[in-house]
Amino acid sequence: MSQFWKPGTEKPRILDDEEGGVLFLSSSFSSSASGYGFANIEKQRQRLPVYKYRTAILYLVETHATTIIVGETGSGKTTQIPQYLKEAGWADGGRVIACTQPRRLAVQAVASRVAEEMSVKLGEEVGYTIRFEDITDADATRIKFLTDGVLLREMMDDPLLTKYSVIMVDEAHERSISTDILLGLLKKIQRRRPELRLIISSATIEARSMSDFFRSSKKHQGLESEDLGPSMEPAILSVEGRGFNVQIHYVEEPVQDYVQASVSTVLLINDQEPAGDILVFLTGQDDIDAVVKMLTEETQNSRKNSSGLIVLPLYSGLSRSEQDLIFSPTPRGKRKVVISTNIAETSLTLEGIVYVVDSGFSKQRFYNPISDIENLVVAPISKASARQRAGRAGRIRPGKCYRLYTEEYFMNEMSAEGIPEIQRSNLVDCVIQLKALGIDNILGFDWPASPSPEAMIRALEVLYSLGVLDNDAKLTSPVGFQVAEIPLEPMISKMILASSELGCSEEAITIAAVLSIQSIWFSGRGVQKQLDEAKLRFAAAEGDHVTFLNIYKGFLHSGKSSQWCHKNFINYHAMKKVMEIREQLRRITLRLGIVLKSSEGDMQVVRKAVTAGFFANACRLEPFSHNGMYKTIRGSQEVYIHPSSVLFRVNPKWVVYHSVVSTDRQYMRNVITIDPSWLTEAAPHFYQQQRQNPM
DNA sequence: GAGCACTGC
């Protein structure tokens, strides 16, 4: 192990490689103090790296329709730029400055921070909107933070987003589906509203390609070069961050087994490096549990330094209390080692990390439009992710990042950016959203990154079979518009609409709410057996959906008690979320004129309603199958009932599923028994067509 | 016999 590492080249900053084409403005643009009160906060604000670009930013926004700001974390761009814009008058005359984030937590955190800096009450001049929470005042709010998903929803009522003068899209480098749709739509809006200003902000963006995207609107616009109005040429500005230097180490030879290599590297750091916590990036729970186990054994068996290690796993499936351990301060003389998934790359920030070990891999979603199945596979990360991971070591002082791959691999083989989510996903949600916004030519939509035509066509097919789109691929009335209005997967929305006619809409919105969250079960480690036993208490012969109804009934009966949840291995926070979504759905369905009605225990109509939404996911048990193999009716794909389902090992002949998870096999999650005659009833042409053209 | 991470009127 001693010659295992070679020190990487000393680099002044992590983000120095190949950000070609980024304009770095000279300090001659630096502005002076703005003269706003509250000396302490004002001083703090002035110390942020973004401050010296204040005048430059305002100048660029004034003169360019789109400004692209490349800035590392800690530059202060998210909190400061909206304030600069407001100070410069962009919120005068009742106009609003918007700033979008991909995550709810970030929206709340940033909004509170800005309200505090401006000494205003949150929800007045500064507000935020996320699902279930609108902390804004229609008359008073001038700076509004929101998730990009909420802004997309706002476009359904106000397609040109007329109340906003400037829209800042933050974290654009993450390239989430919502961000990409939003960018495509904002570019369209810009042609109709030349006065609208866009700021695209991002950490390690391929600024050039984003700029190309916004520039190309010019050619569509024909003659527009009157002297008035902003330049359509996007401006690019780079702002440095405030992180500390992170020294990069590479392995000399490719590692065979990154699990083993992570363990050795952690022990090596612990042996040879001064105090400071370690963060290890692996791919998933399996890897993580393996490394935790190996390190824990090492700690217990060794009389050496490694006894000072506190080893903690981190992934989203952990319970709240297990996650809280991560944030407790490291005791003196000890060293914390956090073994994490990608969750620590963007969603969670750990303080006190000085060393990062990067396996070079993460689990990523890939969608196969032919089989219509999303796969979760271990894949190499991008350079942008590698930098992001390394940056986690430089938050409190200079740190080190140990990459479990060679420098040659990083330089020559690692791709610069990850594949945008929109090219790795099922597009049903995305297509219906665009249709609802009046975008008829989906295939011709101007995307920052185009999804594959196959995926697009598959989405159109599914929506057509649901009766959401007509022969001309236009939204049907009323079903199409109603499905688009309900903020759920279209198949779930269709189930709700069908339930209205079947007289079980109360049950349907409960099922819809449960299917919309990850899991309602308590996910602790080492409680598997108790969890299985608890599940049996609610299990229904019809399947998981009916089981959810039993749980919901029990929860209500207990007075929504957290102890009841605890006793039954149900996640109380998840149940609270179910109640919130259900309440939202209740309001929406009432607005759509759906009468809420319970089937009073008749589960046959409930199963019919599920079938009406999910007929495309119908499966039949293979005759003579001894291992529970099913085949999908639509594509003859081999699938199995997931072990978490109440129908696991029961293997009824006909089922529909909610989703498939794909590991070594394709597992159906959330399964319900059906009668095959309901399929032709629910979707006659879909199943007729299937018979004629078996796929 | 098994789960990357987010998110929505």
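Predicted model: local features only at pLDDT ≥ 70, side-chain atom pairs only at ≥ 80, totals over all residues.

Visitor: Why are H9 and H10 called oblique to each other?

Guide: The axes of helix H9 (residues 258-272) and helix H10 (residues 285-301) come within 10 Å and cross at roughly 40°. Angles under 35 degrees count as roughly parallel and those from 65 to 115 as roughly perpendicular, and H9 and H10 are therefore oblique. Their crossing is right-handed.

Visitor: Which residues make the contact between H9 and H10?

Guide: On the H9 side they are Tyr258, Val259, Gln260, Ser262, Val263, Val266 and Leu267, and these meet Asp287, Ala290, Val291, Met294, Leu295 and Glu298 in H10. Sorted by class, this contact of H9 with H10 holds nine nonpolar, two polar and two charged residues.

Visitor: What makes H18 and H24 oblique?

Guide: Helix H18 (residues 490-502) and helix H24 (residues 603-614) have axes that come within 7 Å and cross at roughly 140°. An angle has to be over 145 to count as roughly antiparallel, so H18 and H24 are oblique to each other. The crossing of H18 and H24 is right-handed. Their contact is made by Met491, Ile492, Lys494, Met495, Ala498, Ser499 and Leu502 of H18, together with Val605, Lys608, Ala609, Val610, Ala612, Gly613 and Phe614 of H24. Ten of these residues are nonpolar, two are polar and two are charged.

Visitor: Why are H15 and H16 described as roughly perpendicular?

Guide: The axes of helix H15 (residues 428-436) and H16 come within 9 Å and cross at roughly 75°. The range for roughly perpendicular runs from 65 to 115 degrees, and H15 and H16 therefore receive that description. In this pair, Val428, Val431, Ile432 and Lys435 of H15 meet Met456, Ala459, Leu460, Val462 and Leu463 of H16. The contact of H15 with H16 has eight nonpolar residues, no polar ones and one charged.

Visitor: Which protein residues come nearest to DNA strand B?

Guide: Of the 33 residues around DNA strand B, those that come nearest are Arg153, Ser316, Lys363, Gln528 and Thr663. Helix H5 (148-157), strand S15 (361-368), helix H20 (528-538) and helix H23 (572-591) each supply at least two residues of this surface, which by class has ten nonpolar, eleven polar and twelve charged residues. Of the atoms of DNA strand B within 4 Å of the protein, 57% belong to sugar or phosphate, and the rest to bases.

Visitor: How do you know that the side chain of arginine 365 makes a polar contact with DNA strand B?

Guide: A polar contact is a pair of N or O atoms within 3.5 Å, and an N or O atom in the side chain of arginine 365 is 2.9 Å from a base nitrogen of DNA strand B. For glutamine 584, a side-chain N or O atom is 3.4 Å from a sugar or linking oxygen of DNA strand B.

Technical notes. Residues numbered from 1 in each chain as written. Chains lettered and ligands numbered in written order. Heavy atoms only, no water. Axes fitted to C-alpha atoms, helices over the stretch in contact; angles between N-to-C directions. Helix = DSSP H or I, 4+ residues; strand = E, 2+ residues; numbered from the N terminus. Left-handed = near helix turned anticlockwise from the far one by under 90°. Contact = heavy atoms within 4.5 Å. Nonpolar A, V, L, I, M, F, W, Y, C, P; charged D, E, K, R; others polar. Near = heavy atom within 4 Å. Polar contact = N/O pair within 3.5 Å; in protein donor to acceptor, adjacent residues only side chain to side chain.
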